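Here are my notes on this model.

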Amino acid sequence: MRGVALKNKTNLSAANSCPPIVAHFASSIGTEELAHLEMVGTIVHQLTKNLKDSDIEGTPLAPYYIDHGKGVYPAAAAGQAFDAMAIAVKGDPIADLVEDLAAEQKARVTYENILRVSDDPDVNKVIRYLREREVVHFQRFGEALDRLQSKAATKPKRF
């Protein structure tokens with residue numbers, strides 16, 4: 001596994017903009033996503049903790065190693081560091097839930113890409129689990145969006 005891309009999730013921030021009927025979805029999924037970040041960080045640490053300088057020299061990991069040593073620093077596989085600009089919260093429940101749906105699909109694709117290049121069975125087992133959770137999250141956010149839109153459709157329109 002040459003790199004792990006961070007998925008940019010807005011779940012916890014979006015929970016603040018959602019009405020109570022769907023806020024619990026975003027909050028509980030956002031909390032689980034923090035655990036996913038910890039799991040991926042642990043995998044990276046386990047894969048790199050015993051590397052020697054000679055193992056790193058001349059590899060795509062070398063620039064990362066120069067900046068961060070063997071520390072786990074949240075960055076995309078291409079090296080772009082995570083920053084708050086990646087959190088796309090608009091304060092509109094429908095817009096934020098649609099963003100969450102997209103983020104879950106992007107995460108699923110990232111995990112599938114990792115599985116295509118990884119030959120480590122232990123890593124692959126964890127990545128498959130994380131991919132499955134992204135599918136479940138996508139389904140839950142879809143249900144939340146349906147609830148929110150159904151509730152909005154029953155409100156009388158004011159002109």
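1. The side chains of Gln-105 and Arg-108 are joined by a polar contact of 2.9 Å. (A polar contact is a pair of N or O atoms within 3.5 Å; within protein, one must be able to donate a hydrogen and the other to accept it, and residues adjacent in sequence count only if both atoms are side-chain atoms.) Gln-105 sits in helix α5. Helices (H or I, at least four residues) and strands (E, at least two) are DSSP runs, numbered from the N terminus.

2. A caveat on the source: this is a predicted model, where local features need pLDDT of at least 70, side-chain atom pairs count only at pLDDT 80 or more, and totals for chains, interfaces and linings use all residues. Residues are numbered from 1 along each chain as its sequence is written, and side-chain values use heavy atoms, with hydrogens and water left out.

3. Arg-108 also forms a salt bridge with Glu-112 (3.0 Å, N to O). The term means a side-chain nitrogen of Lys or Arg within 4 Å of a carboxyl oxygen of Asp or Glu. The two residues are 4 apart in helix α5, so about one helical turn separates them.

4. The structure holds 3 salt bridges. One of them pairs Glu-32 with Arg-133, closest N and O atoms 2.7 Å apart. This pair links distant parts of the chain, helix α2 and helix α6, 101 residues apart.

5. The largest nonpolar core has 12 residues, including Phe-25, Leu-101 and Phe-141. Such a core is a set of buried (under 20% relative accessible area, 1.4 Å probe, protein chains only) Ala, Val, Leu, Ile, Met, Phe, Trp, Tyr and Cys residues joined through side-chain atoms within 4.5 Å. Helix α2 gives the largest share, 5 residues.

Note on methods. Buried < 20%, exposed > 50% of the residue type's maximum accessible area, 1.4 Å probe, protein only.
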